[in-house]
Amino acid sequence: MIQNDCAVILFRRTLLPTTRRAKITALGTYVPPRVLTNKHLEKMVDTTDQWILERTGIRERHLADKGVAASDLAVEAVKKLVASHPFDLQEVDVIVVGTVTPDMMYPSTACLVQHKLSIARTWGFDVSAGCSGFVYALNAGAQFIESGRAKKVLVIGADVNSSMTDFTDRAVCIIFGDGAGAVLLEPAEEGEDGIIDYEAQIEGMGGQYLYMPGGGSLNPASHETVDKKMHYIHQDGQQVFKYAVKKMSEMTERLLRKNGLTGQEVDCFIAHQANMRIIKATADRLKMPTEKVIINIDRYGNTTAGTIPLAMQTAIDEGKLKKGDLVLLAAVGAGFTSGTTLLRWAY
Ligand code: COA
């Protein structure tokens with residue numbers, strides 16, 4: 001049955017035009033300077049550095065100061081991108097921002113980023129996909145390049161998780177951090193691979209395990225919602241963990257199989273940094289050697305839509321990601337959402 005499905009998908013891919021793929025041509029990342037270590041957390045909740053490190057792989061995370069929002073982190077990431085790859089921001093056709101901690105309900109973070117960067121003529125929108133936010137934004141942005149409707153797309157993942165973290169809840173506050181990353185998408189040259197393929201899936205039954213119930217149309221902000229701590233992250237960690245391990249393996253295996261590849265042929269595995277054990281379980285299943293697996297959760301924790309671009313930067317800094325490398329991205333997040341992407345690093 002699986003074989004038949006693969007055949008159908010492969011057949012469909014061959015009908016798609018492959019000459020105008022999207023490729024990543026630049027990257028910029030930003031984390032706020034303030035660091036919260038596990039030792040600090042020991043003084044705030046009933047936990048230990050050892051427990052956090054062993055159960056999650058996290059040593060410290062960066063937190064934004066009061067008044068610093070997702071759009072601020074996003075703008076800093078874009079500035080770093082432009083510094084490393086100078087180009088005229090006025091040429092940006094579309095801005096796609098993955099975030100679940102937008103500055104406010106509306107306007108979108110994309111609008112706020114556009115305004116702060118004074119990009120005169122562009123359009124854009126936010127993507128709400130939890131920890132899959134960057135992968136979803138990337139593949140949404142790539143469609144505009146592939147269709148020929150855009151030549152430059154800014155894809156941003158930015159989250160200020162501390163804005164919705166209950167720092168008295170030890171099961172949640174140890175995991176999350178704040179951070180952002182941005183990539184520039186441009187058309188690949190003819191015959192160049194760029195973004196090759198992706199798989200994504202939403203399964204709404206998972207909504208009950210990871211959510212923020214307050215502040216939306218169901219539970220508008222009131223004294224009662226605040227008293228009941230409804231504006232914080234609510235999580236059943238074990239359920240999320242079990243789903244993430246299973247789904248990340250399933251999706252990555254399916255995407256590789258669909259493209260006639262094995263884990264060993266991938267040069268660099270960049271997974272959402274939610275828990276070191278989830279990343280390692282997926283890498284083991286794909287028989288991927290440790291040196292190809294990018295880990296920076298120890299420094300940043302889970303920055304939701306920020307993790308994958310931050311891990312791309314880590315991979316570059318550690319000499320594990322270079323032009324021509326075959327890269328596998330994977331993420332699972334609130335929703336549930338899941339997504340994986342296969343791409344050839346283009347610069
Ligand atoms: N410090 C010390 N003990 C803690 C703790 C902490 N910060 N948090 C929970 N515990 C305790 C629990 O109370 C429990 O105690 P008990 O056995 O006496 O009842 C014990 O540790 C085990 O709890 P459990 O929830 O089973 O731990 P876990 O191994 O599943 O780890 C998470 C908890 C949250 C780290 C883990 O489930 C996880 O990473 N889940 C995925 C979360 C995630 O990725 N979220 C983002 C979306 S992608």
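**A ligand between two domains**

Domain 1 (2–187) and domain 2 (195–344) both give residues to the shell around the ligand, so the ligand lies between them; the domain bounds come from an automatic or database domain assignment. Please note that this is a predicted model, in which local features need pLDDT of at least 70, side-chain atom pairs count only at pLDDT 80 or more, and totals for chains, interfaces and linings use all residues. Residues are numbered from 1 along each chain as its sequence is written, and side-chain values use heavy atoms, leaving out hydrogens and water.

**Around the ligand**

- The shell has 22 residues, of which T47, R55, Q235, Q238 and N275 come nearest (a residue is near if one of its heavy atoms lies within 4 Å).
- By class, 10 of the shell residues are nonpolar, eight are polar and four are charged (Ala, Val, Leu, Ile, Met, Phe, Trp, Tyr, Cys and Pro count as nonpolar, Asp, Glu, Lys and Arg as charged, and the others, Gly among them, as polar).

**Atom by atom**

- An N or O atom in the side chain of T47 is 2.7 Å from a nitrogen atom of the ligand.
- For G237, a backbone N or O atom lies 3.0 Å from a ligand nitrogen atom.
- Look at Q238 too: one of its polar side-chain atoms lies 2.4 Å from an oxygen atom of the ligand.
- The ligand taken alone exposes 950 Å², and the protein buries 73% of that (accessible areas come from the Shrake-Rupley method with a 1.4 Å probe).

Terms used
Polar contact = N/O pair within 3.5 Å; in protein donor to acceptor, adjacent residues only side chain to side chain.
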